[in-house]
Amino acid sequence: MGNSLYQEVLRNMPIGYSLYKVITDLDDRPCDYKFIEMNRAFEEATGLLESKTIGKKVKDVLQWLNEEIDWVKAYIDITCKGMNLEFERYCLDQDKWYRVSAFSPEKNYLVTLVADITIEKRKYLDLAGSNKNGIGAYIRDISKHKKQEQYLRKQLERQNILIDIYMRTFNTMQEQFNFALHEALKLTESEFGYIFSYDENSGEFALYSWENSMITDQNVIKGQAQSHVKESGVWDKVVQKRKPIIVNDFQKIDNRNNWLPKGHTMVANFMSIPIIIDSHIVAVIGMGNKENGYDEFDIKEITILMHSVWLAVEKRTAQERVLIEREKYNSILNELPAMVCEFLPDSTLTFANKAYYDYFGGEYDTLINKKILDIIPKEKSNKVKLKYMDLTPQENTIKYISTIKFNGKIRSYEWQDVGIFNKQGIPICYYSIGLDITERVKAEEEQNRVLKQLVAMFNSHEAVMLLIEPFSGNIVDANPAATTFYGYTKKELLKMCINEINTLPKEELANLRLKVLNKGQKYFTFPHRLRNGEIRIVDVYSSPISYNGKKLLFSIIFDVSQREEAYKEIAYLNYHDNLTDLYNRRFFEEEFKRLNVKRRFPIAVVMGDVNGLKLINDSFGYCIGDNLLKEAAKIIKGAVRADDIVARIGGDEFGIILPNVDELETRALIKRIEEQINKKDEESMTGKPYLSISFGYAVQERPEDSYDKLVKDAERFMYSRKHYDSRSLKSNTINIIMNTLFEKSQREKIHSDRVGDISASIARALGLDEGTVNKIKAAGCLHDIGKIGIPEDILNKQGILDEKEWEIMKSHSERSWRILENTYEFSEISNIVLHHHERWDGDGYPKGIKGEEIPLEARIITVADSYDAMTKERSYGKNISKDEAIEELKRCSQKHFDQRIVDVFINHVLQDYD
């Protein structure tokens, strides 16, 4: 039963009710009682008003009480010895008779129940004082009086039951409910009874307690242990009506079999009462078969009793929960590394966790109920007392730090005292929490030491350093390096905000500073403006620090402008060709994907390949080849539109992407480029390599035509044209190479012609066919074409070549082979030229082959080249006579030369040659 319902029952009870509290003297002995509660019936019976009586002493209010009875002693007996008192008294001031019942529900508390018996008392006195026969009337009055006495007795019995329930120790709630039901049956003199708990949300009943005689079949009881409201018979009616039901003649009820469960004992009468707590039905109480039937008094008594029992059960449940929670929190508090205690205003300790009594070196029981001020050092007790005594309801928390000697070592503790106050602002208790911060204090001391070092570093370091207020961005401090870098004086910098230096938006900078403050980011690259207006790119490393009690951002700044320029160049090179400054293949492919959209359709792809570039590189060097590529890039770039994409996509390959063009426009563009190339070649000086580019193209037929398809089609077209373009170009290039070589050395031209003639004569003398003779002559004329790549200072050096120079000179054989191999007309003589410096004994170069492994044509040129070199003036040595040369040829036969070729040359060619 909720407190509100309990109070309502007491207030409307027809019996006068009052509650008193014992007043003790200085020796703690009861000396009087004061009113705590009273109901309306008590006011009507005694004429006392609640508003003028509550809180006053009994002796001051009930002055009409005579001294025949020692009231204090009587009440002491009631409150201290558990006795009951019942008496009748006449009130002279009110001219009324009262029957008073008194008992103690709890130590130091007293309850009195007062019934006005004036009328019946007077009738009784009048009848007793007359000589008339009036026994019938007297008996009628006595019956009423007895009825009231019975009610009072029941009330007292119910009070005693409640006291017993509150005072008795029950092992379980089930045992408590069983006891309450048993006592309720005795109170109402009922034969059977039950208690059902009820859940309003689900509409489910659960049988909680019953008298075994209610249903004889225990299996039926188990079946009825839980049921829904719609299937629950008599207690369903109570729930529906939300008020008690009394049926004193059960046999007159229609469909009575539906009211009770199967197997229920025979019923003569019954009552059923809902238990309502906070407007919710939590249980239904039922009992039946009272001998004289039930009345409203039974309902009120059982309602008060069972509501009180329910509250007692809820109180027990709450206490058990509190105990569990207390144990849980005590366990938690005992595991905390902090000292925690609770104490009263007089410093009496009521709780301490393990860390607390470990520190004081005692057990829990030895500290509890001791005064804190008595167990801490005297020199600190007054300070501690002043701190918690200064707490108020408005400022109920204080923090402070103190040092404590623990295990022979000084420890620092941070304490927080919290005061708990009642509504009147009077302190109830205090909590004190002490956390060991020794390590933190040491860390702070170390931090201060490091901070001093940092200040020294700050002022002497060559790196730019700033201290910045994180929220406003104001510069708090700057080192000398900062003034030098930015061009401001320190005084000027300290009046500035970082926003005046950093060129990023103000809001963005504010967010970035907060990230640093929250340790979310610490490295940045910013543009900073110097005093002279120059923008420098800087790396900033920032972190939050404590400085003079404030949180600031410590920033170290490095000028990385050169690095950023290098990054830009790298980024440029990622998409550009370093030689021509055109886009590269990577950009070309990505840009096609970007442009390949419906509004750009159709897209044309043009592929161009520089003809003979390898031949030019091998013959004239890579510098000449690179210049040719630059010239090609310049011409192509100059011919296309601004939005067209031109890229160098390979060593000698160019690509063009033309959005929104058809085939006619593409062919027209290629024609313009070729005309510009031809014009440039005509303007070039004689002896320079020609620029020749073979072009191919492909145009999208459908928007879904891919990059790969277009490139393949364009390359196929390009290579079909390249075969014809390249042949004529390479022939011209050979002539240009030879002319260039002869310009370097006139002796080389004469020497080449003579070697070609001598080689042809030897071939004819050997009986070779005319085609082979012509091939050998051509090889003889071109055998030194690779010298085009030899520096002139080596080629025309007077005297013997040194080892390094000789190695360079020897490379002309392979150079000659590479040049001729890449030309259609001369590719078949390239191997002859490659081996013309091989020796019969294998000591030649470049391959070191010997004898018949050396091609016959090469062996012929070897003899012709050696004879001419010996007999004609050369830059690296003097010439010798014809006879001396013949002797040298003979001497070196079968070592350097093929013996057969030397014999043919000497015996059949030399005389005709001369």
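Student: In which helix do Lys709 and Asp713 lie, and how many residues apart are they?

Tutor: Both lie in helix H25 (residues 707–744), four residues apart, about one turn of the helix. Helices (H or I, at least four residues) and strands (E, at least two) are DSSP runs, numbered from the N terminus. A word on the ground rules: this is a predicted model, where local features need pLDDT of at least 70 and side-chain atom pairs count only at pLDDT 80 or more, while totals for chains, interfaces and linings use all residues. Residues are numbered from 1 along each chain as its sequence is written, and side-chain values use heavy atoms, with hydrogens and water left out.

Student: What makes Lys709 and Asp713 a salt bridge?

Tutor: The rule wants a side-chain nitrogen of Lys or Arg within 4 Å of a carboxyl oxygen of Asp or Glu. Here the N to O distance is 3.0 Å, so the pair passes by that definition.

Student: Why is Lys709 called partly exposed?

Tutor: Buried means under 20% relative accessible area, exposed means over 50%, and partly exposed is in between (1.4 Å probe, protein chains only). Lys709 has 34%, so it goes in the middle class. Asp713, at 25%, counts as partly exposed too.

Student: Why is the pair of Tyr867 and Phe905 called edge-to-face?

Tutor: Rings of Phe, Tyr and Trp (its six-membered ring) pair if their centres lie within 6.5 Å; planes under 30 degrees apart count as stacked, over 60 as edge-to-face and the rest as tilted. These centres are 5.0 Å apart and the planes are at 65°, so edge-to-face is the label. Tyr867 lies in helix H32 (residues 856–871) and Phe905 in helix H34 (residues 899–913), so parts 38 residues apart in sequence are tied together. Tyr867 and Phe905 are buried.

Student: What makes the charged end of Lys387 sit over the ring of Tyr400?

Tutor: A charge sits over a ring if NZ of Lys or CZ of Arg is within 6 Å of the ring centre and within 35 degrees of the ring normal. Lys387 has its charged end 4.8 Å from the centre of the Tyr400 ring and is placed over that ring. The charged end of Lys810 sits over the ring of Tyr845, at 5.3 Å from its centre.

Student: How many disulfides does the rule give?

Tutor: A disulfide takes a pair of cysteine sulfur atoms within 2.5 Å, and the count comes to zero.
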